[in-house]
Amino acid sequence: MESFLQQLINGISLGSIYALVALGYTMVYGVLRLINFAHGDIYMLGAYFGYYLSRLIQGRTPSHLLDAAVVMFLSMLGCALVGIVMERLAYRPVRRASRLTLLIIAIGVSLLIEYSSQVIFGADPKFFPQLIPETQIHMGGLILTNQQIIVLFTALALMVLLNLFIYRTRTGKAMRAVSFNLDAAKLMGINTDQIIALTFALGSALAAAGGILVSINIPGIDPLMGVMTGLKAFVAAVLGGIGNIFGAVLGGLILGLAEVMVSGYGSSTYRDAIAFLILIAILLFKPSGILGKGQVEKV
Amino acid sequence: MKRLLWITGALAALALLQWGCSAILLDGPIRQGPYYYQIMILAGINIVLAVSLNLTNGITGQFSIGHAGFFAVGAYVAASVSYYGGPGIRAATAFLPAVGQDTVVLLLALAAAGLAAALAGLLVGIPSLRLRGDYLAIVTLGFGEIIRVVILNVDAVGGARGFVGIPKLSNFFWVYLLVTACVVTVWNVVRSSYGRAFIAIRENEIAAQAMGIDVTRHKVMAFVIGAVFAGMAGCLFGHYTMYLHTNSFTFVKSFEIIIMVAIGGLGSIEGAVLGAIFLTVLPEAFRGFEGYRMIIYSLALILIMIFRPQGMLGQASLFGKKSKGKRK
Amino acid sequence: MLFSNTMKNRSRIHALRNAAFVAAAAALAVGFSGCNKKDAAASDEILIGHYGSLTGATATFGQSAQKGIEMAVDAINVSGGVLGKKLKVIVEDDQGKPEEAQTVVTKLINKDRVVALLGEIASSNSLAAAPVAQSSRIPMISPGSTNPKVTSVGDYIFRVCFIDPFQGQVMAKFAANTLKVKKVAILRDIKSDYSVGLANFFVEGFKGLGGEILSDESYSQGDKDFTAQLTALKGKNPEAIFVPGYYTEVGLIARQARKLGITVPLLGGDGWDSSKLWEIGGAALNGCFYSNHYSVDDPSPILQKFVADYKARYGKTSDSIPDAMAALGYDATLVLADAMKRAQSSKPDSIRMALAQTKGFMGVTGNTTLDENRNAVKPAVVLEVIVDEKGNGRNKFKESVSP
């Protein structure tokens, strides 16, 4: 029983990592219908920005938390800029091309970031500084850390904030309009280019926040850390219903729990396959994800 | 009768080319010969992969990014046939000369690869009936990953240590025979009533259904045909490299095949062929840049897609009647 | 109106795109021809080839080996080269893919005309490339491929590292006899041939010594979260956990194990050897043991010089202490140069003959003798990891095991 509860904690902790990355995925997808494969790499860049920034900043401000906040803010800003540049240079010129073209460019951007990072940062893993010192919390035989709790609650908080932003602000409304119909939104006087750039900036900033929080929890970063996490987060987003913000978090948690339970009670050698098996099983019954709206094709 | 003549002619031409290639490139005066030969073989295998994926992706419009999965199934099944069954088959065909025995082993391995991949294609084709677009894409990607993880866990095919001891049975002749067979088959399928049904499904599924096309059957068929050729390519790949490891079959390989199709021009057979050759040669051409090679490669990829989003050939056809592209 | 306007724009953009596409294609063509013009081997140079994963998922190992090789070549050339000629290494990236390894080895042999090959770290890539080297009769020395099958490809294939059975035995004996543990759990990297092979031979050896394997869990190279497997292991109460992975993951595994309250020692192989391990794992690694080729405490001058040179050369950019891959790459190069000197020739066949007779060669990773199966026979050391709170670590020599 105790070990089951511990596995539950492990699962939710892993799931909140996927959820955090899936949020950005789902946002860009929701607005542009683009699977931004480079999202996982932005997550990695966020972690690296955090790594270099914290070497500059750590210890220069009065408290640990302030350190962490400054590093996080600057790195989110940096990634938002990368996101805007990426959208402007790589995606905007082909916005009206076929979906496949966009996808190939996304793959290209992802490869470009990965290979450049291997040259610039070096391929070996680096130790991410403990911006927030670890405190262990013991409950009976169960062990969890403050860092795990922070990741989970940040994911939940961002989910709520993002939802508020999209449904309660003017810009959010504009975003929904762009997502609904780009041309109609343009005709309504919405600066669609700006909205899309903003979406990328926001999505990338989310990825950076994810990269830093996860790296505080799991302090080994390397240039390819975003590949598998990105892929799993994407699976989580699809699982929950891509384009749906609650779905992303739900999908992330389900995926995290499933992986942990399979490793813990089944066979850990099949762990990577399980994510996809669950995905296939769920999509067979609910083709647009758990919370996704089924689209009826009009004739 | 005419067709028989064609086939004999093609076989003879390929045999001649094989003889020529090995005489000039492998044993001949050109010092880079074996290197070029190696690239030609890999290009051939990539052509089969790209053309077969093009049937599913480009022509039927079923977005699949799990092609490396079929490739892997074919490679491992075929390797198992010749590794475990090889001695038995040779004993049964002892009356043939060594070349004949090799041919029998390879043909059986090819058949097994094709069959296993067809089953896998059927398995993946079925979800495609309910899913479309990105959802289908992620399911096919997942399928490819599941295959890879399963192979890692099978000790009989080496698992993580790789499959060692596969006989070298494939060569230029076999690879380009498969290339020819694949291109001719896809070419004929596209120009048959099936092909028109595939294209109709791509353009508008509901309209196609309204026109009386059995969408279910055609979708699964596109998957199965694509998978069979990918599986056979896997067979020849394994019997050329003599060693298999799951690192050759990750989702990155699936991406590579998609990129070949997209760079060539989605839906164009010649485009897929060109794309495959281009993307096999391109990274080799960049070898001079050493550490920056893959950065330049990915930049080139992005630039080509930005400036030529429809691919090198678009949907155009180099030969024959130009197939009509999208109306609008 | 609106429509025709966009049409016009479209066609203009189209023309622009076509022009740019042609430009891009032209750039490619230039790139291709540019690389063909690579200088032919000058007669005062001996060309050797190195193929490794310089990019891709295992890039860190290929890059490390390349650093070691570069250092060795420079050291040799500074002291007069080999046979009065300078050594030149041509390095090719195989991205960690077997078929790519085969292609680049074909290129190195036929296009660049190298007289010998160094590579690869991963056995899977060595196994794909070795048949090419064998059939072209070019000697190949693998710095780090531990799968026994690599050298059985043929008599041109050598290695300077341990093979899995030996290292598995060493740790099995250490666990059973020195640590006196009876129940061990395994956590292996299912994606890495090295880890799977080492785990298999450890299990065999440990069971042979009367030990019991409680459970056998796995992870995949690149994973970051190991809590599920570790929680499952913890429930079985092992007395030690054998983690034959690479330092890239082991640091995190140690950290998460301690976090979950697992206090038993972790054991591993030479894949652990890197200062990155201490940095990432920190104090969690205290009381863990691994087998290695050498101990930094070893006063041997060649080793101390290697470590100092490495620090001077790469200390600024990355890790300051060489990992096992760099040390093995260095030794593989020295063994090769030594064979050329003894053969008094840079002809592949003569090099092969001399390589086969390598005996008692003193390198960084110890005293290397190549046996009749072209495998390195050298003692292994077992090291204890000691790390302080700041992540400054060192290894304490525990015992030496001879084959």
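The questions and answers below go through a predicted model, chain by chain and then across the contacts.

Student: What percentage of the residues in chain A is buried?
Tutor: A residue is buried if 20 or more other C-beta atoms lie within 10 Å of its own. Of the contacts in chain A with a separation of 6 or more, 76% join residues 24 or more positions apart. Among the 299 residues of chain A, the buried share is 60%.

Student: Is Asp193(A) buried, partly exposed or exposed?
Tutor: Asp193(A) belongs to helix α8 (residues 192–217) of chain A. Its C-alpha lies 9.8 Å from that of Leu182(A), eleven residues away in sequence. A buried residue needs 20 or more C-beta neighbours and an exposed one has 12 or fewer. Asp193(A) has 14 inside 10 Å, so it counts as partly exposed.

Student: Which elements cover the buried residues of α11(A)?
Tutor: Helix α11(A) has 15 residues and reaches 22 Å from its first C-alpha to its last, close to the 21 Å expected. Its buried residues include Arg271(A), Asp272(A), Phe276(A) and Leu283(A). The cover comes from two chains, and includes α5 (133–152) of chain B, together with α9 and α10 (245–265) of chain A.

Student: Which element gives the most to the side of chain A that touches chain B?
Tutor: The contact takes 36 residues from chain A and 30 residues from chain B. On the chain A side, two or more residues each come from α4 (99–120), α9 (225–240) and α11 (271–285). By class, that side has 28 nonpolar, six polar and two charged residues. With twelve residues, the element that gives the most is α4(A).

Student: In what pattern do the helices and strands of chain B follow one another?
Tutor: Chain B has twelve helices and two strands. Read along the sequence, the pattern is α-α-α-α-α-β-α-α-α-α-β-α-α-α.

Student: What is the radius of gyration of chain B?
Tutor: The C-alpha atoms of chain B fill a box of roughly 60 × 50 × 45 Å, and buried residues make up 58% of its 328 residues. The globule rule gives 20 Å for that length, and chain B is close to it, so it is as compact as a globular protein of that length. The radius of gyration of chain B is 20 Å.

Student: How many residues of α10(B) are buried?
Tutor: Helix α10 (residues 251–264) of chain B reaches 20 Å from its first C-alpha to its last, close to the 20 Å expected. Just after this helix, Gly265(B) takes a positive phi of about 125°. Helix α10(B) is mostly covered, and its buried residues number 13 of 14.

Student: Which elements of chain B each supply at least two residues to the side that touches chain C?
Tutor: This contact takes 34 residues from chain B and 37 residues from chain C. The chain B side has 17 nonpolar, eleven polar and six charged residues. The elements are α2 (33–59), α11 (269–285) and α12 (293–307) of chain B.

Student: Which residue of β10(C) is the bridge partner of Leu267(C)?
Tutor: Five of the five residues of strand β10 (residues 288–292) of chain C are buried, so it is largely enclosed by the rest of the structure. Strand β9 (residues 266–268) of chain C pairs with β10(C) in the parallel sense over two bridges. The partner of Leu267(C) is Phe289(C).

Student: Which strands stand at the edges of the open sheet in chain C?
Tutor: Three strands form this antiparallel sheet, in the order β11-β12-β13 (chain C). An edge strand has a single partner, so one side of it is left without a neighbour in the sheet. The edge strands are β11 (361–363) and β13 (376–377) of chain C.

Technical notes:
Residues numbered from 1 in each chain as written. Chains lettered and ligands numbered in written order. Predicted model: local features only at pLDDT ≥ 70, side-chain atom pairs only at ≥ 80, totals over all residues. Helix = DSSP H or I, 4+ residues; strand = E, 2+ residues; numbered from the N terminus. Rg over C-alpha atoms; globule rule 2.2 N^0.38 Å. Pairing = 2+ DSSP bridges. Contact = placed C-beta atoms within 7 Å. Nonpolar A, V, L, I, M, F, W, Y, C, P; charged D, E, K, R; others polar. Expected span 1.5 Å × (residues − 1).
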